[in-house]
Every structure is written in C-alpha cells, then in structure tokens.
Amino acid sequence: MNEIKPEGLKKLYSCRIAGTGSYLPERVVTNTDWEKLIDTNDEWIVARTGIKERRFAAEDQCTSDMGTAAAKKAIQRAGISPEEIDLIIVATVTPDHIFPSTAARIQHNLGATRAAGFDLQAACAGFLYSMEVGSQFIATGYYKNILAIGAEKLTSITDMEDRNTCILFGDGAGAAILSRADSKTKGFLSCVLQMDGSKADLLQVPAGGSRTPASQETLDARLHYMRMQGKETFKCAVSSMVDCGRAALERAGCSVEDVKLAIFHQANLRIIKAVGERLGLKEEQVFVNVNKYGNTSAASVAIALDEAIETGTVHSGDKLLLVAFGSGFTTGAIVLEW
Ligand code: UT7
C-alpha cells in the first residue's frame, strides 16, 4: 500500500457535502436489447454482473451536458448560486475533448464565473479522488464551495462488438457541493487514496494518446475503445477495495457496525457483495444500483450517493463508507458523517 499518513496535517475546517445531484440519460438499454446485437444473453449478464439495464446518452449529448445537469441539482440542493462556486473538479475518462477541460465547459454552462477548475483522471475512483482533492482546499480555508463531479459518456469509448466489455457500461453523471462543515455536521472523517501503476495495462484505452497517437491503423484495429482483462481486474478490485475501505475506517476510528451505508463503485454485483462480506458488513448496509445503470465509471459512486440521499436512506448523523476502484489501478475510500 503506497500510503502517506497525513501526520501533523493542520486542518482549519472540516468538509461536508452540502448538496448532491445526478443525471441519467433517458434511453434505457436492457439485456434483451443486447441479445439482439451480440452473442450474449440476459441469464449470463445477470449471473456474472448483476446488471439488468443501463442508460445510453443521445448521440449529440456529451459528458459536460450530463455533468452540467447533475451539477445544477447539487447547486440547488446546497442552496447556493453558481457564482458562489470557487472550484470545479470533473472526474472523467471521457472528457468532451483532450482540451479544453470538461470543467471549463461546465463552468460556462452553469455561469459559475468565479470558479477555477480542472479535469481529474483517476478512472472509476475519480469521484473519490475529486472529493478528497476538494476537501483539502476546504480544510485550509482556501475555498468555501467546491463542485465535485463524476461524469461519463462511456458509450463513446465502448467497443459495441466486444461482448467482454460492451454489456458492462452505461452513461451518466453525479455531483456534490463540498462546503465547510458546521457545528451540526462532522462531514469527512477520513480518506485513503491508493494506486498501483504496475497493473495499468489490464484496463485501458490503448490508442489515441501520446503513447500511440490516432492513425488509420489504430482505428482499423479498434484501439480507441476500452480493453479489459476482466478476471485479473476483478481480483484486484476486491482486494484493493477491502484494503482501502478497512484503512479508511481505521483512520476514522470507526468499526463496520458504525456504518449506516456503504456505497461501493457499481462495477459488478459480485464485486460489491465480495467487498461487503470481506469487510464484515451486512447485506442491508451495502447500497446497490448496478442493476439499473451498469458501470458508469467516475459517475458511479456520485450517482449512487445522490440516489441514497434522495430516497431517504441516509439521515443526519449517519456514517457512510464510500469506496471505488478503477483503471490505474486507483482506489479511494472516504468515511463521512452525513
Ligand atoms: O470499473 C473498473 C473495474 N471493473 C471491474 O472491476 C470489472 C471486473 N471484471 C468483471 O466484472 C468480470 O470479470 C466480467 C463480468 C467482465 C466477466 O466475468 P467473468 O466471470 O470473469 O467471465 P470470463 O471473462 O471469465 O468469461 C467467462 C465466459 C467466457 O467463455 P469461455 O471462454 O469460458 O467459453 C467468455 O467468452 O463467458 C464468456 N462471455 C460471455 N458470454 C455471454 C464473456 N462475455 C460474455 C457475454 N455474454 N457478454
């Protein structure tokens, strides 16, 4: 574990989530829809992944459109105006462009004219990374309101002919406003971020970057789409999420019994269950919506968090454990008091 203990860190303020929002595109794609397109079946998909359906963005809808829609709800629920946002962090592996940043597009869409911003790439752990980065600016008092977004149009990098991956992914966005904690809310209690770059080739988009720039050959070889070694990724996902989750609980001084709700990256129901069991959590403590949206990468935990709050599953004072894992291999965990 490449962990740095934040000993001696001076925190002036704690960080809390003041409002959340999410956006899912209208188009629902079921396993039966996939059966008509590739050699697969509902039984295999449900048994191996727990996914029943996912959402696909419209052709003319991009990542910043979905991020903007989620952000508008989060801003409204936090009771602030777009001009009060100091910083926008957009976690995504499917930015609108290589540059400018998706954050810049969203800043303009929202009219968040005072905000600085950037995109953050930590794959499926990106929303956890963006919240931790944001919380550091809150902790020092440098910024008051930060908009953290996880937004993905994964269908733009999915090989619709590769049955090993295409049935797994969906599009969507989630957002959170991070603000200073007040006397009523403790907010973030701990955070752990990890990375193992030695496994970077197991889950990647092989071409289109500076290592292998786009060419006719790379297009013909379909190298602009995601490639994943599923079994190896699965094993690393379970062990890293358990490690990271445990470390975050320990750092927060919490036991698994203290956790009201655990929200894990929604990649695969078997991963979610294995992580929950190994951490010693009961089934009812573990949130699941992978059946409805599939794997939405950086948007996954953000959408799930918003859904848990909107459905009244989380109440003031509840402790939440958030854990995500993705390409890199990156892992992040946060313990917070709502
Ligand atoms: O978000 C970042 C992290 N991502 C993850 O953590 C994903 C991790 N990996 C996984 O979730 C799983 O590995 C998968 C769901 C991708 C695959 O499940 P698996 O149990 O590892 O299956 P497998 O890849 O070993 O494939 C088993 C069989 C193969 O057939 P043979 O070789 O045993 O004859 C595949 O060809 O299932 C076949 N298969 C399919 N069959 C029907 C693979 N994809 C499909 C499909 N429909 N879509």
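1. Conventions. This is a predicted model, in which local features need pLDDT of at least 70, side-chain atom pairs count only at pLDDT 80 or more, and totals for chains, interfaces and linings use all residues. Residues are numbered from 1 along each chain as its sequence is written, and side-chain values use heavy atoms, with hydrogens and water left out.

2. Domains. The protein chain is divided into domain 1 (15–180) and domain 2 (187–337), with bounds from an automatic or database domain assignment. Their centres, taken over C-alpha atoms, are 14 Å apart. Domain 1 gives 52 residues to the contact and domain 2 gives 47 residues, where contact means heavy atoms within 4.5 Å.

3. Largest nonpolar core. A nonpolar core is a set of buried Ala, Val, Leu, Ile, Met, Phe, Trp, Tyr and Cys residues joined through side-chain atoms within 4.5 Å. Buried means under 20% relative accessible area, exposed over 50%, and partly exposed in between (1.4 Å probe, protein chains only). The largest core has 45 residues, of which Phe 264, Val 275, Leu 281 and Leu 321 touch the most other members. Two or more residues come from each of helix H7 (230–252), strand E11 (259–264), helix H8 (269–279), strand E12 (319–326) and strand E13 (330–337); helices (H or I, at least four residues) and strands (E, at least two) are DSSP runs, numbered from the N terminus. H7 supplies the largest share, 9 residues. At least three residues of this core come from each of domain 1 and domain 2.

4. Ligand site. Which residues come nearest to the ligand? Of the 24 residues around the ligand, these are Thr 40, Arg 48, Lys 231, Asn 268 and Asn 295; a residue is counted as near if one of its heavy atoms lies within 4 Å. For polar contacts the cut-off is a pair of N or O atoms within 3.5 Å; within protein, one must be able to donate a hydrogen and the other to accept it, and residues adjacent in sequence count only if both atoms are side-chain atoms. A nitrogen atom of the ligand lies 2.7 Å from a polar side-chain atom of Thr 40, and a nitrogen atom of the ligand is 3.1 Å from a polar backbone atom of Gly 230. An N or O atom in the side chain of His 265 is 2.9 Å from an oxygen atom of the ligand. Taken alone the ligand exposes 950 Å², and the protein buries 75% of that; the areas come from the Shrake-Rupley method with a 1.4 Å probe, and for residues only the protein chains shown count as cover.

5. Asn 268 and H8. Asn 268 is in the loop between E11 and H8 and counts as buried because its relative accessible area is 8%. Asn 268 caps the N-terminal end of H8, with a side-chain oxygen 2.7 Å from the backbone nitrogen of Arg 270. The buried residues of H8, including Ile 271, Ala 274 and Leu 279, pack against H7, E11, helix H9 (290–293) and E12. Gly 280, with a positive phi near 85°, follows H8.

6. Backbone points to check. Most residues other than glycine have a negative phi, and most peptide bonds are trans. The peptide bond from Phe 99 to Pro 100 is cis, with omega near 5°, and a cis bond also joins Gly 328 and Phe 329, with omega about -20°. Phe 329 lies in the loop between E12 and E13. Arg 222, not a glycine, has a positive phi of about 55°, and Ser 297, also not a glycine, has a positive phi of about 50°. Arg 222 is partly exposed because its relative accessibility is 27%, whereas Ser 297 is buried at 4%.
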